[in-house]
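The sequence and the model are shown first.

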Amino acid sequence: MRKHADWLTAFMDYASYGEAPRHMYFWSGVSAIAGCLRRKVWIDQAYFKWYPNFYIVLVAPPGIVSKSTTAGIAMNLLRKVPGIKFGPDVVTWPALIGSFAESTEGFDYEGAIHAMSALTLESSEFGNLLNPQDKDMVDLLVALWDGKPGTFEKKTKHSGNDSVENPWINLIACTTPSWIAGNFPEYMIGGGFTSRCIFVYADQKSKYVAYPGLSVPPNLDAMAEALVHDLERISALTGEYRLTPTAVRWGEAWYKRHYTVRSANLDDDRFGGYIARKQTHIHKLAMILSASSGDSMLITDEHLTIADQ
């Protein structure tokens, strides 16, 4: 039985003694739930599946909202959940292949064993995690975000073919606006990487907390234990998320409105990828919201409305 009616709400309350705006804690919590769900849940669309992984980038000027601390609050809870695997601090193919190999496991669904290689990546400095000039690695992250099933293979000079079975990556990283401006080539935008990211921006503190240790309640450890307990429950969820009939109607109306009204004023050359993936982002987040509040494996129109907002 869970300790909280909604994990994300409880987590934001637990984390809110820091200085970051609440929406940064929200998205850090989303990354934690995604890391728990891994490739074990999905929305089936016959020709493809949506999986609940995210590439979340916390963006703020230096020293404003303690970005790495904010992300770390959620990731420290996730690290306490048995079975969750974290990837390397620097993303190179050799480092990834080693981490994937260590993370490969099987899970049971409907009497069959399904393989997955699921990793969460955490970085306090996005530039240390990924070199934007490394087109091969950028292309790899683009491919992995979509979660296509099967064996991913890459030819290497020294070891022949390296392969990973059903790879899956969930990522949270931190950076500054100036780093993005100075290091993101046009290729990162036109090539589709940025349209797969959620950039979470803040330019001021929500409040001033000189001594966080004096601000937190005495039962903070008990709050953390309850949150980890619920993450363990979430990590056990397995199988297909289904949309309720009202959710389907909501999604059909949203889809038509998105392509006829909302996208009309966006330049297709730079925002075409974002426009095309907005629906996917919404449904990935709807799975997170449903998992946050219970074990029903159902997505309602309310989940989709909140995800859209």
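The model is predicted: local features require pLDDT of at least 70 and side-chain atom pairs pLDDT 80 or more, whereas totals for chains, interfaces and linings use all residues. Residues are numbered from 1 along each chain as its sequence is written, and side-chain values use heavy atoms, without hydrogens and water.

**Aromatic pairs and charges**

Across the whole structure, 13 aromatic pairs are found. Rings of Phe, Tyr and Trp (its six-membered ring) pair if their centres lie within 6.5 Å; planes under 30 degrees apart are stacked, over 60 edge-to-face and the rest tilted. The pair of Trp42 and Tyr109 is edge-to-face, because the ring centres are 5.2 Å apart and the planes stand at 90°. Since Trp42 belongs to strand 1 (residues 41–44) and Tyr109 to strand 4 (residues 104–109), this pair ties together parts that are 67 residues apart in sequence. Helices (H or I, at least four residues) and strands (E, at least two) are DSSP runs, numbered from the N terminus. Both Trp42 and Tyr109 are buried, that is, under 20% relative accessible area with a 1.4 Å probe, protein chains only. Elsewhere, ring pairs join Tyr55, Phe126, Trp179, Phe184, Phe193 and Phe199 into a cluster.

Two charges sit over rings, by the criterion that NZ of Lys or CZ of Arg is within 6 Å of the ring centre and within 35 degrees of the ring normal. Arg39 lies over the face of Tyr51, 4.4 Å from the ring centre, and the charged end of Lys284 is placed over the ring of Trp145, 4.5 Å from its centre.

**Pockets**

A pocket is an open set of points on a 1 Å grid over the protein atoms alone, where a 1.4 Å probe fits, with protein on both sides within 12 Å along at least five of seven lines; lining residues have an atom within 4 Å of a point. A volume is the space filled by probe spheres set on the points, which are joined across faces, edges and corners.

| Pocket | Volume | Leading element in lining |
|---|---|---|
| Largest pocket | about 630 Å³ | Helix 12, nine residues |
| Second largest pocket | about 330 Å³ | Helix 3, three residues |

Of the 22 residues lining the largest pocket, Thr194, Cys197, Ile198, Phe199 and Tyr274 are the closest to its centre. For the second largest pocket, with 16 lining residues, the closest to the centre are Tyr17, Gly18, Thr69, Ile73 and Pro212.

Conventions
Buried < 20%, exposed > 50% of the residue type's maximum accessible area, 1.4 Å probe, protein only.
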